[in-house]
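Morning, everyone. Please have the sequence and the 3D view ready. I'll go through a few places one by one.

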Amino acid sequence: MARPIHQLVPNLALGDAISQQAITLRRLLRGLGHASEIYAEHVDGRIAGQARPHRRLLEEIEPDAVVLFHFSIGSEVTDVYRLLANPRVLVYHNVTPPEYFRGVNERVAEDCRRGREELARLASSCRLALADSEFNRAELEALGYPATAVLPIALDESRFRTRPVRRIERPYRDGHVNFLHVGRLVPNKRIEDVLKAFYFYRRKINPSSRLFLVGIDTDTEVYAFALRELVRDLGIPGVVFTGGVSERELASYYRIAHVYLCMSEHEGFCAPLIEAMHFGVPVVAYAAGAVPETVGGAGVLVTRKRFPEIAELLAILCEDTAVRSRLIEAGRARARELTAGAVESRLRGLVEAL
């Protein structure tokens, strides 16, 4: 009988890439014949049935079970992981440098600082360390982790087989150009730079345009307030802060988007890039962290934040049908490489190695 493989996460939240990866992996592991549960310290009430309290793992775990610990920040969950006598696998999603949160949220900055310290100390406590990108795997190797491998975040296409949300798709299919950014409103994503690029596009090229910023500002309300102040100070109409959205709403925003714009300076993977490609939305992204690896040659990477030039690039992607078609085709091909089915074969190999 296949041995149980459980997962441990600090937070399980709707719309969060790490949480979705844990849920997808559980489905794949069960499909491979393994008993598999998710244990979490904090669980979003909207998906409360998806996880068990993290401390129950110490009471319930089978003697032969393997535990996958999704690591991205310092938390109490690390203490539970250390107490386990079972074979342990670290799944590394990167820890955001704490400097990005200084002056925004000191508690989160401290959790990130603690996370980086904990990451260095965990090298000797796991049989295998997985990373969702080569960028992250190289960091693990530099910290002395003896056995590492890459298991990318899987695109679960079934999440997006949803009916359109009419209040989104009807009014915004009106001939305007729609730009999109998806992700928490956090400083490392440099959403102010997304706003600056959009400012030049709307003011100098096409006033019939919008920018949708899809994401929550939990723990970063100060930063989100500064973004809204920037919109006001620059006098940019057409910027929509959506807040948190359902998966059905998210799919609708991808369907109405003409270009996905990412100016993030620190990413361990950046799942929305793949989601945008899946929906046939051309991607323009700043080449930082794991972004070039995730894009995989299927989007446009910029190496300097010259916002007037980025605005001109956005215009080309909106107006040149040949260029646009090539990017859409390349993006969809890249997304197919990271579907849950494609990742399952890699997961099966890693499980067999364990």
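Start at phenylalanine 179. Leaving aside neighbours within four places in sequence, it is in contact (heavy atoms within 4.5 Å) with Phe198, Tyr201, Ser209, Arg210, Leu211, Phe212, Val259, Leu314 and Cys318.

A word on the source. This is a predicted model, where local features need pLDDT of at least 70, side-chain atom pairs count only at pLDDT 80 or more, and totals for chains, interfaces and linings use all residues. Residues are numbered from 1 along each chain as its sequence is written, and side-chain values use heavy atoms, with hydrogens and water left out.

Back to phenylalanine 179. It belongs to the largest nonpolar core, which has 35 residues. A nonpolar core is a set of buried Ala, Val, Leu, Ile, Met, Phe, Trp, Tyr and Cys residues joined through side-chain atoms within 4.5 Å. Buried means under 20% relative accessible area, exposed over 50%, and partly exposed in between, using a 1.4 Å probe and protein chains only. Phe179, Leu261, Val284, Ile310 and Leu314 touch the most other members. Several elements each supply at least two residues of this core, including strand 8 (177-182), helix 7 (191-204) and helix 12. Helices (H or I, at least four residues) and strands (E, at least two) are DSSP runs, numbered from the N terminus.

Next, arginine 210, in strand 9 (residues 209-214). Is arginine 210 buried or exposed? It counts as buried, because its relative accessibility is 10%. Its side chain makes a polar contact with the side chain of asparagine 178, at 2.9 Å. A polar contact is a pair of N or O atoms within 3.5 Å; within protein, one must be able to donate a hydrogen and the other to accept it, and residues adjacent in sequence count only if both atoms are side-chain atoms.

Now helix 13, residues 321-336. Its buried residues are Arg324, Leu327, Ile328, Gly331, Arg334 and Ala335. The face turned away carries the exposed residues Arg326, Glu329 and Arg336.

Last, the cysteines. How many disulfides are there? The count is 0, where a disulfide is a pair of cysteine sulfur atoms within 2.5 Å. The sulfur of cysteine 270 is 4.3 Å from the closest cysteine sulfur, in cysteine 262, so it is too far for a bond. Cysteine 262 is buried, with a relative accessible area of 1%. Cysteine 270 also counts as buried, at 9%.

Methods. Expected span 1.5 Å × (residues − 1).
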